[in-house]
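The sequence and the model are shown first, and selected sites are then described one by one.

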Amino acid sequence: MASIPLVMTLGNSMLIPVLPIFEKKVGITSFQSSTIITSYSVAAIFLIPVAGYLSDRFGRKMIILPSLILAFIGGLISGFSSWKIEDPFVWITIGRILQGIGAAGATPIILPLVGDLYKDDDEKASSCLGIIETSNTFGKVLSPILGSLFAAFLWFLPFFSISFFSLISIVLVFFFIKAPKNKDEPLPFKEFLKKTKEIFKREGRWLYAVFLIGAYAMLLLFSVLFFMSDILEKTHNIEGVRKGFVLAVPLFTLCAAAFLTGKKIKGDTAVMKRVLVVSLIMVGVSTAFVGFVNDMLILMLVVTSILGTAIGAMLPTLDALITEGIEKEERGTITSFYSSSRFIGVAAGPPVMSLLMKEYLNISYVTGGAVGFVLLFIVIKFIKAEEQNPDAKMA
């Protein structure tokens, strides 16, 4: 299961450091090269809820495997067109859209699948979610390094490598995941819509809070990474693979925090709420200082590592709240909305930061920190541990 978020993270983030090479080789503008990333994310945002519904209706594995195959085909289309076609931009974009559809059908289905497999063991479910978030983050750590290394051999090799990694995940999922069969008859679509509305009416306050925090965490993470990537080159003269290793420092703390938090929360919703409260305080304070320490490398790494630790603690906690707080029949649909909110943060972070960093850098980071304290208030008010008690839900 952990191979899926790893592959999908590599499939997007690995291309970011090599976009300037694509611009030169394909003869495209910076805006066009950015659509190579955007087309993937936008396709995923809109199709994730559809995949969630289909997984509830037809089974998790039945949706995951075709989605991974689409990601595999998309990488081949992008890579082969770059290799053989004189003007490959349109075909590269088509391949990336297919990969985004694959991401939509694979990544968000992991959360309800964990809930299905460990429905009677909250401790194992929380631990598994921590490993999955760690894998997701580890992909972000590896991405700039692997992307640069592959492009050093052949500029279009990163596209083919995505297909290779997808193929490995297809084999692993096919042979090693035994998803439990759903013995209940799937709901008709109209009844499904009615029930989804009822869920949001009943559980909406804490669900919307979780969605907002997920989007906020990913927007902050990708905004800061985009900003650091720029500052490391322009202010500190750190480039290439060396820059990738420096960027990996806060991502490593994020990775470690996600793993440890998944081990410690053990399905206890009271502990989950405390983790969110402490993490949002850390996020609010550290974010406000990012812009002020950008010319001091060590201090910047300390501040962003604190931010990374806090985000790393939040992500498996949010996963667990939804996975363990929603009944199996609706789990795929609700987690798909949550995954879409996270993709929105991923897609919005870099362009928002690119618009703000020149004129409003410190103001934007202070504002970002203040938003963290607003979300802290929302957590305290709307996320009640007893309301998310999974035992009560399942009863």
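## Serine 78 in helix α4

Serine 78 lies in helix α4, which covers residues 60-84. Helices here are DSSP runs of H or I with at least four residues, strands are runs of E with at least two, and both are numbered from the N terminus. The model is a predicted one: local features need pLDDT of at least 70, side-chain atom pairs count only at pLDDT 80 or more, and totals for chains, interfaces and linings use all residues. Residues are numbered from 1 along each chain as its sequence is written, and side-chain values use heavy atoms, with hydrogens and water left out.

With a relative accessibility of 0%, serine 78 counts as buried; the term means under 20% relative accessible area, while exposed means over 50% and partly exposed lies in between, for a 1.4 Å probe and protein chains only. The side chain of serine 78 reaches the backbone oxygen of isoleucine 92 at 3.0 Å. Such a polar contact is a pair of N or O atoms within 3.5 Å; within protein, one must be able to donate a hydrogen and the other to accept it, and residues adjacent in sequence count only if both atoms are side-chain atoms. Not counting residues up to four places away in sequence, serine 78 touches Trp91, Ile92, Gly95, Arg96 and Phe159, where contact means heavy atoms within 4.5 Å.

## The chain as a whole

The protein chain has 15 helices and zero strands. Its radius of gyration is 20 Å, close to the 21 Å that the globule rule gives for 395 residues, so the chain is as compact as a globular protein of that length. The radius is taken over C-alpha atoms, and the rule is 2.2 Å times the number of residues to the power 0.38. Along the principal axes, the C-alpha atoms fill a box of roughly 60 × 45 × 30 Å.

Of the 395 residues, 56% count as buried. Among contacts between residues at least 6 apart in sequence, 84% join residues at least 24 apart. The accessible surface of the chain comes to about 17,400 Å², and 70% of this belongs to carbon and sulfur atoms. Accessible areas come from the Shrake-Rupley method with a 1.4 Å probe; for residues, only the protein chains shown count as cover.

## Helices α12 and α13

The side chains of arginine 342 and aspartate 319 meet in a salt bridge, with 3.4 Å from N to O. Arginine 342 lies in helix α13 and aspartate 319 in helix α12 (residues 297-325), so the pair ties together parts that are 23 residues apart in sequence. A salt bridge is a side-chain nitrogen of Lys or Arg within 4 Å of a carboxyl oxygen of Asp or Glu, and by this rule the count comes to one. Arginine 342 is buried at a relative accessible area of 10%, and aspartate 319 is buried at 1%.

Helix α13 (residues 328-356) also holds serine 340, which is buried with a relative accessible area of 7%. The side chain of serine 340 reaches the backbone oxygen of isoleucine 45 at 3.1 Å. Leaving aside neighbours within four places in sequence, serine 340 is in contact with Ile45, Ile48 and Pro49. Threonine 323 is found in helix α12 and is buried at 2%. Threonine 323 and isoleucine 363 are 40 residues apart in sequence, and their C-alpha atoms are 36 Å apart in space.

## Proline 250 in helix α10

Proline 250 has its place in helix α10, residues 240-265, and counts as buried at 6% relative accessibility. Proline 250 and glycine 308 are 58 residues apart along the chain, yet their C-alpha atoms are separated by 5.2 Å. Apart from residues up to four places away in sequence, proline 250 touches Met228, Leu301, Thr304, Ser305 and Gly308.

## Sites at the surface

Asparagine 237 is placed in the loop between α9 (189-234) and α10, and at 60% relative accessibility it counts as exposed. Asparagine 237 has a positive phi of about 55° although it is not a glycine. Most residues other than glycine have a negative phi.

A nonpolar patch on the surface is formed by Phe164, Leu167, Ile168, Val171, Leu172, Phe174, Phe175 and Phe176, which together have about 810 Å² of accessible area. Patches are made of residues with over 30% relative accessible area and no salt bridge, with like charges joined within 9 Å and nonpolar side chains (Val, Leu, Ile, Met, Phe, Trp, Tyr) within 5 Å. Leucine 172 is found in helix α8, residues 157-176, and counts as partly exposed at 35% relative accessibility.
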